[in-house]
Amino acid sequence: MKKEDPEIIQTLRQEERMGKLHAHTPGKHTIIIPKELEEEPLDSIFTILRHRKEEDIKTIDLGDPIQKYRIIFDNSAVAIMLTDENERIVHWNNYTEQLLGLTREELMMRPVKCLYPPEEWKKIRSENIRQKGIQHHMETKMIRKEGTLIDVDISLSVLKDHIGNVIGSIGIIKDNSQNKQMEQSLRASEEKFIQLYEKAPVPYHTLAPDGTITDVNEKWCNLFGCIKEEVIGNPIFDYIHGDEQETAKASFKEKIKSKKSYTGGHERTYIIKNGEPRVFVIHDFFSFNETGGILSVYSTMEDVTGRKKIEEEFHKAHYWLDKKVQERTGDLSKENQVLKKRSNEYKRTIGELHVQLEKIQKSQKKVEQQNARLKKLDHIKSNFLNVTSHELRTSMATIRGYVEVFLMKSLGPITEEQRRGLDVILTNTDRLDQLIQDTVDVSHLESGTMKFIPEKTDISRLIQTATGTIQPMADVKQITIMKEIDENLPEMIIDQERIKQVLVNLLRNAVNVSPEGSRISVKVNKESEEVVFEVRDLGQGIPKNKQKKIFDIVYQIDSGIENLGFTIAQGVVLSHGGNIWVDSEQGKGSIFRFTLPIAPLYDQEGKNQKSCYL
């Protein structure tokens with residue numbers, strides 16, 4: 001009898017060996033139902049046991065067989081089902097209902113094939129169970145009431161009457177789900193172990209007890225320049241430095257004899273793929289069979305060549321330093337006397353430095369006081385500039401208004417000479433007004449008080465507006481303004497009036513420096529996370545040593561530049577998180593470029609994350 005078989009199967013087999021149970025395979029493993037019992041298939045198995053008792057008095061007395069086997073039947077830890085000749089369920093034990101989640105009403109006369117997935121039932125039928133008799137350990141799947149599948153082990157036996165006609169079958173069903181889960185977990189664990197072994201960042205090799213290589217991982221193969229198939233079967237000693245091979249063999253034999261699972265790490269020199277000797281610390285771990293014999297040796301290799309070199313260098317350096325220390329000790333004892341003298345001098349010097357420090361601290365306080373006064377004066381200057389500019393612009397507006405009235409001859413006729421004079425006044429009034437506005441803007445940029453009003457801006461429309469503003473000035477000199485604008489420019493959140501001011505300042509300069517009848521160009525395109533603006537003129541150009549100074553307010557004033565447009569342009573662009581510069585070659589004109597980040601520096605409420613203008 002096999003230990004894993006249910007008790008009822010073991011009993012039936014015992015009876016078969018005693019000659020009381022006849023089977024069919026063909027002619028074997030088939031339970032024969034007496035003719036007089038054919039009309040009672042539900043109680044057939046227990047009735048058979050009763051008649052076996054009556055037929056053979058010499059059988060070991062096991063008590064009432066019907067009672068015994070009914071208890072075994074009802075309380076068995078496996079499911080037992082009986083079917084009729086039409087493969088319908090007619091009898092079962094308690095565990096069957098528990099295993100399948102079905103009630104007595106649901107099981108009674110249910111076709112047994114309904115308990116199997118179609119493909120599993122097809123596999124069962126293909127085994128011809130009715131021809132073979134008992135089929136041991138046939139693995140399949142069954143369907144529970146809720147539709148879930150369970151893995152089971154089944155043993156099937158055909159029931160025949162006294163003349164060999166099939167009247168049903170008996171099935172012993174064991175829930176195998178837990179074993180299947182354990183098998184899956186074991187396979188998953190094995191896969192993880194294999195992956196850890198193969199993909200480990202250090203070399204691994206596995207040895208037989210005689211030192212023959214049985215496995216290596218990828219790191220080992222890469223280090224030694226071999227593929228696994230070339231290595232397996234070779235002695236590990238072939239890869240050890242020739243000077244250490246005999247020692248390695250003797251040491252390995254001693255470890256095998258010791259039968260310890262771990263004997264500690266040891267250093268060994270190996271020759272890798274390029275012929276280079278490298279030192280490794282080897283850790284050997286031994287696995288044993290049931291009798292205590294060694295199965296395999298699992299070894300890890302830690303490359304310590306670099307560490308050994310460092311240790312050698314360290315020892316050399318230590319020796320050299322020790323020698324130097326001894327030499328220097330004599331020198332230092334002499335120098336110590338000198339240092340004592342100097343120490344006294346340093347003390348005097350420190351005293352003098354303390355006096356100087358006190359003077360510096362007093363001077364620092366004066367500087368701080370002066371800074372405070374300068375800040376106050378700067379504030380006063382700003383207020384004065386604001387008030388003065390307001391008053392000047394008011395007066396300029398009045399002058400401009402009266403000049404325009406005179407020019408319109410609203411106060412009477414004027415001569416041609418008077419008209420020319422009024423035009424001069426009007427032009428210089430505009431220039432002075434612009435200078436005042438520029439001065440105020442520079443002051444606000446320097447103090448960080450310039451306000452920006454960010455809004456979604458169409459760059460193409462902004463360019464059209466800026467060039468339209470400067471067009472009348474260009475028309476006077478018959479200068480053509482060319483525009484080249486990228487069609488895929490995104491909308492930007494910027495202060496469009498201030499950026500327009502930057503463009504107008506650069507275009508005004510381009511018109512001023514370009515000869516009559518020439519052309520200037522405006523180009524805008526997207527580069528990475530920025531939009532690049534470019535204004536090109538055909539003027540005389542700017543000397544290389546002055547190109548970086550052109551945006552400096554002091555340089556513009558000293559150079560006699562008529563407006564502060566470059567300084568304002570730089571301040572506005574930097575405040576938007578961009579950059580501005582000029583490329584110029586004397587005699588070939590200049591190209592002013594500035595960039596603005598696509599990601600806004602200001603949100604739409606006008607909050608500035610940081611000011612970039614200093």
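Modeller: Let's start with burial: a residue is buried under 20% relative accessible area, exposed over 50%, and partly exposed in between, using a 1.4 Å probe and protein chains only. This is a predicted model, where local features need pLDDT of at least 70, side-chain atom pairs count only at pLDDT 80 or more, and totals for chains, interfaces and linings use all residues. Residues are numbered from 1 along each chain as its sequence is written, and side-chain values use heavy atoms, with hydrogens and water left out.

Colleague: Which residues are buried in H13?

Modeller: Helices (H or I, at least four residues) and strands (E, at least two) are DSSP runs, numbered from the N terminus. An α-helix has 3.6 residues a turn, so residues three or four places apart point the same way. In H13 the buried residues include Leu 422, Leu 426, Thr 429, Ile 436 and Asp 438.

Colleague: What span does H13 reach from its first C-alpha to its last?

Modeller: The expected span of a helix is 1.5 Å times one less than its number of residues. H13 (residues 416-447) has 32 residues and reaches 47 Å, close to the 46 Å expected. Just after H13, Gly 448 takes a positive phi of about 75°.

Colleague: At what angle do H13 and H17 pack?

Modeller: Axes are lines fitted to C-alpha atoms, for helices over the stretch in contact, and angles run from 0 to 180 degrees between N-to-C directions. H13 and H17 (residues 565-575) pack at about 35°, their axes 10 Å apart. Contact means heavy atoms within 4.5 Å; here Asp 438, Asp 441, Val 442 and Leu 445 of H13 take part, with H17 residues including Ile 568 and Val 572.

Colleague: Is the crossing of H13 and H17 left-handed or right-handed?

Modeller: A crossing is left-handed if the near helix is turned anticlockwise from the far one by less than a right angle, and right-handed if clockwise. H13 passes H17 in a left-handed crossing. The crossing of H14 and H15 is right-handed; H14 (residues 459-476) and H15 (residues 496-513) pack at about 35°, with axes 9 Å apart.

Colleague: Which strands stand at the edges of the five-stranded sheet?

Modeller: Two strands pair if DSSP finds at least two bridges between them. The open sheet has the order E8-E7-E11-E10-E9, with antiparallel pairing. Strands E8 (213-216) and E9 (262-271) each have a single partner strand, so one side of each is left without a neighbour in the sheet. The twist averages 30° from one strand to the next. Nine bridges join E10 to E11, and Phe 286 has Val 297 in E11 as its bridge partner.
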